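Let's walk through this structure together, one region at a time. Have the sequence and the 3D view at hand, and follow along as we go.

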Amino acid sequence: MSSTPVRSPTLRPHRMKKDESFLGKLGGTLARKKKAREVTDLQEEGKNAINAPMSPALPDLHPEDTLLEENEERTMIDPNSKEEAKFKELIKVLIDWINDVLVEERIIVKQLEEDVYDGQVLQKLLEKLAGRKLNVAEVTQSEIGQKQKLQTVLEAVHDLLRPHGWAIKWNVDSIHGKNLVSILHLLVALAMHFRAPIRLPEHVSVQVVVVRKREGLLQTAQVTEELTTTTEMMMGRFERDAFDTLFDHAPDKLSVVKKSLITFVNKHLNKLNLEVTELETQFADGVYLVLLMGLLEDYFVPLHNFYLTPESFDQKVHNVSFAFELMQDGGLKKPKARPEDVVNLDLKSTLRVLYNLFTKYKNVE
């Protein structure tokens, strides 16, 4: 009785070569040696392949990110950038801020890309910040309806920001497409424009992978996208003053300026048996600023108007804001510094506030 012949395993390598040949035709340049995982990923991602073998390593792509029309472009954040501490802090600060603003709406944002793209959160956020109602549908399920809503919301945003020189780095398609870089640019601009009581991390940048389709081939490149600069620059205060020059070019003279201001404030605070030795910290809760204004203008500030022993960030911001109001009542212009910057121990902001007081009241006994 003859045995059934055993199928030779040597035929399988020939089958693999045939598959590789098919992939080479599909991807154009995929005939070059690539890692097996990359080939598998490309098979799963569909009918397009990465055709630029010299491109930098790409993050994991969604299938739709490889299905591009001719001359179309997609961007995505490099995964390594997403792990950087400043980037994570920026996202957390913005999410916490949105949730604080919308607490009465019972809206909770957990992930920016998924919760902001359809325009619902942006609508409520802008209405709350600007204090006006937008003429849009409350709930929209269809893509067309969502984009129409986004268009209305973003037009309202642009009307607010453009007169102040903000560069518009987002549009309906990028926000609705869940482009995190565009969403972050938009939220940072809103936070700065409405003077949000938050401290955004400065100098946050991310590496962005750009995928373009040219002559049927996908090309990739990496660019650095700047999300935040300094608080002053983002607030639009581009006019440099003496303190910018002092910090940048004459730091050795900084101690002289600080000593002069300490002498000035102690001349008045000593009347209440108070003394300042550190400008950076002792004005941060706003108490000394409020008391100083009362001494300079010769009136008693009712204790119920401010927190004598503030404990929270908000209480400190309230005190500094109240002191700013007293300064304006005394004929000074609104300080360039934000109350939040003073509370956050920003020395340059504190010096600006105190120098304005020194200029006006230096001859007051």
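**A helix across a sheet**

Helix α10 lies across β1, β2 and β3, and runs at about 25 degrees to β3. Contact here means heavy atoms within 4.5 Å; axes are lines fitted to C-alpha atoms, for helices over the stretch in contact, and angles run from 0 to 180 degrees between N-to-C directions. Helices (H or I, at least four residues) and strands (E, at least two) are DSSP runs, numbered from the N terminus. Keep in mind that this is a predicted model, in which local features need pLDDT of at least 70, side-chain atom pairs count only at pLDDT 80 or more, and totals for chains, interfaces and linings use all residues. Residues are numbered from 1 along each chain as its sequence is written, and side-chain values use heavy atoms, with hydrogens and water left out.

Let's look at the sheet itself. It is an open sheet of 3 strands in the order β1-β2-β3, with antiparallel pairing. β1 and β3 stand at the edges with a single partner strand each, so one side of each has no neighbour in the sheet. On average, neighbouring strands of this sheet are turned by 25 degrees against each other, direction ignored. Two strands count as paired if DSSP finds at least two bridges between them. Strand β1 (residues 73-77) meets strand β2 (residues 205-214) in the antiparallel sense over 5 bridges. Within that pairing, M76 has V209 of β2 as its bridge partner, and E73 has R212 of β2.

β2 and strand β3 (residues 217-226) run antiparallel and are joined by 10 bridges; here V206 stands opposite E225 in β3. These two strands form a hairpin with 2 residues between them, and E215 in the turn has a positive phi of about 55 degrees. As you inspect the strands, remember that in a regular strand the side chains alternate between the two faces of the sheet.

Now back to α10, and to one residue in it, I183. Is I183 buried or exposed? At 0% relative accessibility, I183 counts as buried (buried means under 20% relative accessible area, exposed over 50%, partly exposed in between, with a 1.4 Å probe and protein chains only). Leaving aside residues up to four places away in sequence, I183 touches L112, E113, V116, I175 and K178. The C-alpha atoms of I183 and N171 are separated by 9.4 Å, with the two residues 12 apart along the chain.

In α7 (residues 120-130), the buried residues are V121, L122, Q123, K124, L125, L126 and E127. They pack against α5, α6, α8 (143-161), α9 (172-176) and α10 (180-193). How do α7 and α10 pack? Their axes are 12 Å apart and the angle is about 10 degrees. That makes α7 roughly parallel to α10 (angles under 35 degrees count as roughly parallel, over 145 as roughly antiparallel, 65 to 115 as roughly perpendicular and the rest as oblique). L122, L125 and L126 of α7 make the contact with L186, L187 and L190 of α10. The residues of this contact divide into 6 nonpolar, no polar and no charged (Ala, Val, Leu, Ile, Met, Phe, Trp, Tyr, Cys and Pro count as nonpolar, Asp, Glu, Lys and Arg as charged, and the others, Gly among them, as polar). Just after α7, G131 takes a positive phi of about 70 degrees.

Two loops deserve a look as well. N273 lies in the loop between α13 (254-269) and α14 (279-282). N273 is not a glycine, yet has a positive phi of about 60 degrees, and with a relative accessible area of 74% it is exposed. L345 sits in the loop between α17 (339-343) and α18 (347-361). Its phi is near 65 degrees, again a positive value in a residue other than glycine, and at 44% relative accessibility L345 counts as partly exposed.

Let's finish with the aromatic rings. A search of the whole structure finds 3 aromatic pairs. The rings of F283 and Y288 have centres 6.2 Å apart and planes at 85 degrees, so this pair is edge-to-face (rings of Phe, Tyr and Trp, the last by its six-membered ring, pair if their centres lie within 6.5 Å; planes under 30 degrees apart count as stacked, over 60 as edge-to-face and the rest as tilted). Both F283 and Y288 are buried. Ring pairs also link F264, Y355 and F358 into a cluster.
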